[in-house]
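I opened the notebook to record what I looked up, entry by entry.

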Amino acid sequence: MTQLRVHNLAVSLDGFATGEGQSFETPFGHAQHRLMQWFFPTRTFVAMSGHEDEAVGAGTRGVDDAFAAATGDGIGVEIMGRRKFGPQLGPWEDETWRGWWGEEPPFHSPVVVLTHHERPDLVVGETTFLFRELSPVDALTLATSLAGGLDVRLGGGATTVREFLEADLVDHLHVVVVPILLGRGVRLWDGLEGLEDRFTVETTASPSGVVHHVFRRKAR
């Protein structure tokens, strides 16, 4: 059965998954890259980004890489919110924007982008972005139909993940708590009191200083 999975969602100690002031130059707002500093050195990220260099090695292994590597296992489709695709709001005034990832996005699959302002599908490399105005239930139905029997990854951002959690659709939630304080931005947990009752929860501390929390949905 197809599952909806969230991987590598990093939050600060005070619960913010992105900072204030997101723009083309600052995808994570004033948080900059601090939420993902644990991820960038991993073997998984190095291979994904094409920065592998035999002279300096192919990235770190260990706890963080083990969690990072799981993000692509058995995934057939991604769902993301519009703010993960780009910082624009309102009507698409500039449809030349093709996402943060250049001409070879790391998805290599369909990606359903949730937006109130639809636009034609966009093919970039091996990835097709489908811009749709859908409820969480309808978005998951569409993604499941495109996944070919594989799982669906919910890529974020925090608002989108929170909406799917509120709709009780998430089967696997991997949250990485990073030891920084942001003070402002977009929070993950607001309005989700008692969420832990729906899941079994395992935590793993990493030498990098982050703590990985894995929520697995209890039998319905």
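Predicted model: local features only at pLDDT ≥ 70, side-chain atom pairs only at ≥ 80, totals over all residues.

**Entry 1: the helix α4.** I looked up what covers the buried residues of α4, and the cover includes β1, β3, β4, β7 and α5. Which residues of α4 are buried? I noted Pro136, Ala139, Leu140 and Ala143. Down the axis of α4 the buried residues fall within an arc of 95°, so they line one face of the helix. I then turned to the other side of α4, where Thr141 and Ser145 are exposed. Just after α4, I found Gly148 with a positive phi of about 60°.

**Entry 2: the cores.** I looked up the largest nonpolar core next, and it has 29 residues. Leu4, Ile79, Phe164 and Leu173 have the most contacts inside it. I listed the elements that give two or more residues to this core: β1 (4-12), β3 (75-81), β4 (110-114), α4 (136-146), β7 (151-156), α5 (158-166) and β8 (172-178).

I then checked the neighbours of Leu173. Leaving out residues up to four places away in sequence, Leu173 touches Val6, Val161, Leu165, Trp189, Leu195, His213, Val214 and Phe215.

**Entry 3: strand β1.** How many of the residues of β1 are buried? I counted nine of its nine, which leaves β1 mostly covered. I looked for its partners. β1 and β8 run parallel, joined by six bridges. Val6 stands opposite Leu173 in β8, and Leu173 also counts Val6 among its contacts. β1 and β7 pair in the parallel sense too, over two bridges. There, Arg5 has Arg153 in β7 as its bridge partner.

Entry 4: Asn8 has a positive phi of about 60° and is not a glycine. I placed Asn8 in strand β1. Asn8 is buried, at a relative accessible area of 12%. Gln32, also not a glycine, has a positive phi of about 50°. I placed Gln32 in the loop between β2 (16-18) and α1 (43-49).

I also noted a cis peptide bond, from Gly156 to Gly157, with omega near 0°. Gly157 lies in the loop between β7 and α5.

**Entry 5: aromatic pairs.** How many aromatic pairs does the structure hold? I found 16. Phe85 and Phe129 form one that is edge-to-face, at 5.1 Å centre to centre and 65° between the planes. Phe85 lies in helix α3 (residues 82-85) and Phe129 in strand β6 (residues 127-132), so the pair ties together parts 44 residues apart in sequence. I read both Phe85 and Phe129 as buried.

I then looked up Trp92 and Phe131. They form an edge-to-face pair, 5.4 Å centre to centre with 70° between the planes. This pair links distant parts of the chain, 39 residues apart: Trp92 in the loop between α3 and β4, Phe131 in strand β6. Trp92 and Phe131 are buried. I traced one aromatic cluster through Phe85, Trp92, Trp101, Phe107, Phe129 and Phe131.

**Entry 6: charges over rings.** Which ring lies under the charged end of Arg119? I found the ring of Phe131, with the charged end 4.6 Å from its centre. I also noted Arg217 over the face of Phe199, at 5.9 Å from the ring centre.

Terms used. Residues numbered from 1 in each chain as written. Heavy atoms only, no water. Core = buried A, V, L, I, M, F, W, Y, C linked by side-chain atoms within 4.5 Å. Buried < 20%, exposed > 50% of the residue type's maximum accessible area, 1.4 Å probe, protein only. Helix = DSSP H or I, 4+ residues; strand = E, 2+ residues; numbered from the N terminus. Contact = heavy atoms within 4.5 Å. Pairing = 2+ DSSP bridges. Arc of directions from axis to C-beta. Phe/Tyr/Trp six-rings, centres within 6.5 Å; stacked < 30°, edge-to-face > 60°. Lys NZ or Arg CZ within 6 Å of the ring centre and 35° of its normal.
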